[in-house]
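Got your viewer open and ready? Let's take a walk through this one, selection by selection.

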Amino acid sequence: METPGSQSSLHRANLERVVRAVRLAGSLTQAEIARTTGLSAATVSNIVRELKDGGTVEVTPTSAGGRRARSVSLSGDAGIVIGVDFGHTHLRVAIGNLAHQVLAEESEPLDVDASAAQGFDRAEELVSRLIVVTGVDRSKIAGVGLGVPGPIDVESGTLGSTAILPGWTGTRPAEELRGRLGVPVHVDNDANLGALGELVWGAGKGVRDLAYIKVSSGVGAGLVIDGKIYRGPGGTAGEIGHITLDESGPVCRCGNRGCLETFAAARYVLPLLQPSHGPDLTMEDVVRLARDGDPGCRRVIADVGRHIGSGVANLCNLLNPSRVVLGGDLAEAGELVLGPIRESVGRYAIPSAARQLSVLPGALGGRAEVLGALALALSEMGDSTLLDGTLPSAAPAFT
């Protein structure tokens, strides 16, 4: 029996510490593991050897700083995670292993008026199809990350008011999907998952403090503080879209006037251009036309960028992030929108905070949220399950 403070319990804790570091990073050299965990190089070497002999990790030759090194990653067959992302008009699913390799990914259109039950039925079907395509063992599924376009109540797991999928308000997405798949499901809003995706795989890699700004049908932010998503006690941190820019401005869906969202979200911006560009105009069209030189579209995108920059300046003054990553359709506009964002940040943010900030487009595009869902599943699984071989089995109904 292990007792607290015993040699065996200390060894077990060190094993879990190393596994967690590798699991979250995807792969690390032994020197990086030592720096991350605070363990000595000799201890790390012995633990890596033990984990390799047990089939938990794989070790491959690499180089670091021009010197030969050994890269450690979790074994490709140690477990499987699944990411599910519900958007305004799409459903995207990805399957990955614990070595941060994406094995399969697919998306399909989603009717915005579909009920939550219909949406989760479609998700179950798509997950099952990718399981067959990849040939993975269902007993290896460690968990599922689920992204939804709205705030999640931390205590109840209930989806709050969402203008993107209005029929879903009040549902419990994790509970719904868990009942269909029979494995642990972890849920978060799309902005937080976009931040996680960019942090692990994209433009935020290697950064400890960043804000991911997603501009689509709404405006939200995923906040990363000291390498972790900050959700707040109620799960609503990052609602940058409801910063007030003009107390006499348009009425927002939240009931206030002049929120950032009323100056930047697609459903407020597109009507400005539809009289001259037609009723079927989309934000993708606006970005494409702006890049082709359309003066009206370029002006609207620049205005949106300046408004977003005002919100980002507030974030800089409060949290002082080192990087802001812009996601959503608007990010494809590149410098047409990033330049005005930087201009507003330079004008409204504390100079020292503005100087330290870099503003970049997302590197993952529309994949950011589903990859973030994979990262969420990876971050929430327990390390003891890997060491003990006790991954949860899927429910019999999941076929």
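Before you select anything, one term: a cavity here is a set of grid points where a 1.4 Å probe fits but cannot get out, and its lining residues have an atom within 4 Å of a point. Keep in mind too that this is a predicted model.

**Stop 1: the second largest cavity**

Select Glu198, Tyr212, Leu326, Gly327, Gly328, Ala331, Glu332, Gly362 and Gly365, and you have the lining of the second largest cavity. About 40 Å³ of space sits inside. What classes of residue make up this lining? Three are nonpolar, four are polar and two are charged.

**Stop 2: the largest cavity**

How many cavities of 30 Å³ or more does the structure hold? The count is two, so that leaves one to visit. For the largest cavity, pick Asp209, Leu210, Ala211, Leu223, Val224, Ile225, Leu319 and Pro321. The volume of the largest cavity is about 60 Å³.

Now show the strands. Both β9 (210–215) and β10 (219–225) supply at least two residues each to this lining, and β10 gives the largest share, with three residues. Color the lining of the largest cavity by class and you'll get seven nonpolar residues, no polar ones and one charged.

**Stop 3**

Time for some helix pairs. Two packed helices are described by the angle between their axes and the distance between the axes.

Select helix α2 (residues 30–37) together with helix α3 (residues 41–53): their axes come within 9 Å and cross at roughly 115°. That angle makes α2 roughly perpendicular to α3. The crossing of α2 and α3 is right-handed.

Which residues touch? From α2, show Gln30, Ile33, Ala34 and Thr37; they meet Val44, Ser45 and Val48 of α3. In this contact of α2 with α3, four residues are nonpolar, three are polar and none is charged.

**Stop 4: α8 against α10**

Next, bring up helix α8 (residues 266–277) and helix α10 (residues 295–319). They pack at an angle of about 175°, and their axes are 11 Å apart. How do α8 and α10 run relative to each other, roughly parallel or roughly antiparallel? With that angle, they are roughly antiparallel.

The contact of α8 with α10 has five nonpolar residues, two polar and no charged.

**Stop 5: α10 against α11**

The crossing of α10 with α11 is right-handed.

- On α10: Arg298, Ile301, Ala302, Gly305, Arg306, Ile308, Gly309, Ser310, Val312, Ala313, Cys316 and Asn317.
- On α11: Leu336, Val337, Pro340, Ile341, Glu343, Ser344, Val345 and Tyr348.

Sorted by class, the contact of α10 with α11 comes to 12 nonpolar, five polar and three charged residues.

Note on methods
Residues numbered from 1 in each chain as written. Predicted model: local features only at pLDDT ≥ 70, side-chain atom pairs only at ≥ 80, totals over all residues. Heavy atoms only, no water. Axes fitted to C-alpha atoms, helices over the stretch in contact; angles between N-to-C directions. Helix = DSSP H or I, 4+ residues; strand = E, 2+ residues; numbered from the N terminus. Parallel < 35°, antiparallel > 145°, perpendicular 65-115°, else oblique. Left-handed = near helix turned anticlockwise from the far one by under 90°. Contact = heavy atoms within 4.5 Å. Nonpolar A, V, L, I, M, F, W, Y, C, P; charged D, E, K, R; others polar. 1 Å grid on protein atoms, 1.4 Å probe; cavity = no way out; pocket = protein on both sides within 12 Å on 5 of 7 lines; lining within 4 Å. Points joined across faces, edges and corners; volume = space filled by probe spheres on them.
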